[in-house]
Amino acid sequence: MLTGVFQATKKDGTIYYRSNITYRSKHISLGSFPLETEAHQAYLEADQLLQNADITIDHVGFSDYLLHPEKIVTLLNFRDNHIYIKNPIYMFRSYFCYYLSPDEIYKFDIDDLFYFSSHKLLKRGGHLYVNDYGMQVTVLSRYGIRNFAVAGKDYLFANQDPYDLRYENIININPFHGVRQSSQNGAVSYHTYIHIRGDYQIGSYATLHEAAIAYNKAADLARRHGIAKNFPTNFITELSAKAYAQAYTEVEISEKYKKYLKQLN
């Protein structure tokens, strides 16, 4: 066998070749290949990446290698930072980059390194998520941003870079369900909507908490009128139970909405 190559056999009897390299006493798998020469090429590429400090994370030509881009990132991070991380993460002084692909690179705070070292970042339908205890958890939920929140309306990127997911760069405009913020002539107001058969406006409110409570009240009214839908609940941790109950009683709901519910029965 060529250096760094081991022959293996699939269950159906097909022979394939596994490539490995040892660096700083760490045995690293480089992948599986149909040909022995390809597995050896992967070994040679890994050896070059680990030994040649002139090849940097910012200037490596991913397309020039047979190795998978994720493995290239892992090897360069191990070489430069002396920490082996299975996921495609490269560490900097105060943050790290997660290479979802060579062209899609996300920045995170270093405090999140442990989490993303053990949770693989995935993307589907334009949404980033991880599998956590058998559940798909959106990455934006770590910032208090709701599922399917809209960038530019519900949250903003302070430096206009949607790939920069450091906490200081995320501005969560609207952390509550059914609430939309608007500004006119410098005055900010909050509008509450509930989705039954399309969006239905509940009312406009002076504060974010009033608008969030109005949504809860509108959802409760809908349930009492027999609408079997899993409406989410807005949790307002800043208010005591007594303060919440008082605000819930005082917040006004559109009379038009109440009539609309009666018509659905």
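## Terms and model

Helices (H or I, at least four residues) and strands (E, at least two) are DSSP runs, numbered from the N terminus. Contact, or touching, means heavy atoms within 4.5 Å.

This is a predicted model, in which local features need pLDDT of at least 70 and side-chain atom pairs count only at pLDDT 80 or more, while totals for chains, interfaces and linings use all residues. Residues are numbered from 1 along each chain as its sequence is written, and side-chain values use heavy atoms, with hydrogens and water left out.

## Helices H1 and H2

Where H1 meets H2, the residues involved are Ala46, Leu49 and Leu50 on the H1 side and Ile72, Leu75, Leu76 and Arg79 on the H2 side. The two axes (lines fitted to C-alpha atoms, for helices over the stretch in contact, with angles from 0 to 180 degrees between N-to-C directions) come within 9 Å and cross at roughly 35°. H1 passes H2 in a right-handed crossing; a crossing is right-handed if the near helix is turned clockwise from the far one by less than a right angle, and left-handed if anticlockwise.

Leucine 44 also belongs to H1, which covers residues 36–51. Leucine 44 has 40% relative accessibility and counts as partly exposed (buried means under 20% relative accessible area, exposed over 50%, partly exposed in between, with a 1.4 Å probe and protein chains only).

## Helices H4 and H5

H4 and helix H5 (residues 241–250) pack with their axes 9 Å apart, at an angle of about 70°. The two helices are therefore roughly perpendicular (65 to 115 degrees; under 35 counts as roughly parallel, over 145 as roughly antiparallel and the rest as oblique). H4 passes H5 in a right-handed crossing. On the H4 side the contact is made by Ile213, Asn216, Lys217 and Asp220, and on the H5 side by Tyr244, Ala247, Tyr248 and Thr249.

Asparagine 216 sits in H4, which covers residues 208–224. With 4% relative accessibility, asparagine 216 counts as buried. Leaving aside residues up to four places away in sequence, asparagine 216 touches Pro232, Thr233, Asn234, Tyr244 and Tyr248. Tyrosine 248 also has lysine 217 over its face, at 5.6 Å from the ring centre (a charge sits over a ring if NZ of Lys or CZ of Arg is within 6 Å of the ring centre and within 35 degrees of the ring normal). Another such arrangement places arginine 180 over the face of tyrosine 193, at 4.0 Å from the ring centre.

## Aromatic pairs

The structure holds 15 aromatic pairs. One of them is edge-to-face: phenylalanine 78 and tyrosine 84, with 5.5 Å between centres and 80° between planes. Rings of Phe, Tyr and Trp (its six-membered ring) pair if their centres lie within 6.5 Å; planes under 30 degrees apart count as stacked, over 60 as edge-to-face and the rest as tilted. Phenylalanine 78 is buried, at 6% relative accessible area, whereas tyrosine 84 is partly exposed at 24%.

Tyrosine 200 and tyrosine 257 form a tilted pair, 5.8 Å centre to centre and with 45° between the planes. Tyrosine 200 lies in strand S14 (residues 199–205) and tyrosine 257 in helix H6 (residues 255–264), so this pair ties together parts that are 57 residues apart in sequence. Both tyrosine 200 and tyrosine 257 are buried.

## Around tyrosine 98

Tyrosine 98 is part of strand S5 (residues 95–101) and is buried, with a relative accessible area of 1%. Not counting residues up to four places away in sequence, tyrosine 98 touches several residues, among them Asn87, Glu104, Phe108, Phe116 and His119. Phe108 and Phe116 form one aromatic cluster with Phe96 and Tyr115. The C-alpha atoms of tyrosine 98 and glutamate 70 are separated by 9.5 Å, and the two residues are 28 apart along the chain.

## Positive phi in two loops

Arginine 24 lies in the loop between strand S2 (15–23) and strand S3 (26–33). Its phi is near 50°, a positive value in a residue other than glycine. Arginine 24 is partly exposed, at 42% relative accessible area.

Histidine 82 is in the loop between helix H2 (69–81) and strand S4 (89–91). Phi of histidine 82 is positive too, near 60°, again in a residue other than glycine. Histidine 82 is exposed, with a relative accessible area of 53%.
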